[in-house]
Amino acid sequence: MLTAYIFIIKLAVAYEQVLVQRMWMSLMPLLLAPVGEENKIMAVHGKGETKRFLESMGFVEGAVITVVSEFDGNLIVNVKDARVALSKVMAGKIMIWWVLA
């Protein structure tokens, strides 16, 4: 009976680790987002000034963002009813939720 409980606990821990790993795999930088798809911003990385600059333009957690066009890694995106051009460096600092199929 005790071994059954230990097995169930080990199984639960393994399942939780898979869920955490899957969540990390489902975050990706905006730089890799396909054109035309709506995505949700999950995190904005960068040092203080960079992060504040991006947040002042509407790049905040929970905001919906759509890539309008991409040229050589640089993006034009729609965020909060505004079109904004981003360099590939800045786009790499914005993490979006990638819906796994």
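**Note on the predicted model: sheet, hairpin and core**

1. Start at I65. I65 stands opposite V79 in β4. Two strands count as a pair if DSSP finds at least two bridges between them. Strands are DSSP runs of E, at least two residues, and helices are runs of H or I, at least four residues, numbered from the N terminus.

2. Basis of the note. This is a predicted model, in which local features need pLDDT of at least 70 and side-chain atom pairs count only at pLDDT 80 or more, while totals for chains, interfaces and linings use all residues. Residues are numbered from 1 along each chain as its sequence is written, and side-chain values use heavy atoms, with hydrogens and water left out.

3. Confidence. The chain averages a pLDDT of 83, on the predictor's per-residue confidence scale from 0 to 100. Residues scoring at least 70 make up 75%. Where is confidence lowest, and where highest? Helix α1 (residues 2-25) has the lowest mean, 63. Strand β4 has the highest, 95.

4. The sheet. Six strands form an open sheet in the order β1-β6-β2-β3-β4-β5. The pairing is antiparallel. The edges are β1 (27-29) and β5 (82-86). Each edge strand has a single partner, so one side of each is left without a neighbour in the sheet. On average, neighbouring strands are turned by 45° against each other, direction ignored; the axes behind this angle are lines fitted to C-alpha atoms, for helices over the stretch in contact, with angles running from 0 to 180 degrees between N-to-C directions.

5. Strand β3 and its partners. Six bridges link β3 (residues 64-71) to β4 (residues 74-79). These two run antiparallel. V67 faces V77 of β4. On the other pairing, β2 (residues 38-44) is joined to β3 by three bridges, again antiparallel.

6. The β3-β4 hairpin. Two residues lie between the strands of this hairpin. D72 sits in that loop. Its phi is positive, about 55°, although D72 is not a glycine. D72 is exposed, because its relative accessible area is 54%; the cut-offs are over 50% for exposed, under 20% for buried and partly exposed in between, with a 1.4 Å probe and protein chains only.

7. D81. This residue is in the loop between β4 and β5. D81 also has a positive phi, near 60°, and is not a glycine. Its relative accessible area is 86%, so D81 counts as exposed.

8. N39. This β2 residue is buried, at 7% relative accessibility. A polar atom of the N39 side chain lies 3.1 Å from the backbone oxygen of E37. That is a polar contact (N or O atoms within 3.5 Å; within protein, one able to donate a hydrogen and the other to accept it; residues adjacent in sequence count only if both atoms are side-chain atoms). Beyond four places in sequence, N39 contacts A33, A63, V64, I65, I96 and W97; contact means heavy atoms within 4.5 Å.

9. V64. V64 and E38 are 26 residues apart in sequence, yet their C-alpha atoms are 6.5 Å apart. Not counting residues up to four places away, V64 touches E38, N39, N78, V79 and K80.

10. H45. H45 belongs to the loop between β2 and α2 (48-56). H45 is partly exposed, at 43%. Its contacts beyond four places in sequence are L54, K93 and M95.

11. The core. How many residues make up the largest nonpolar core? There are 18. Such a core is a set of buried Ala, Val, Leu, Ile, Met, Phe, Trp, Tyr and Cys residues joined through side-chain atoms within 4.5 Å. Those with the most contacts inside it are L30, I41, F59, I65, V77, L86 and I94. At least two core residues come from each of β2, β3, β4, β5 and β6 (94-97). β4 gives the most, three.

12. L86 in the core. L86 is one of the residues with the most contacts inside the core. Leaving aside neighbours within four places in sequence, L86 contacts L30, L54, M57, F59, N74, L75, V77, A91 and I94.
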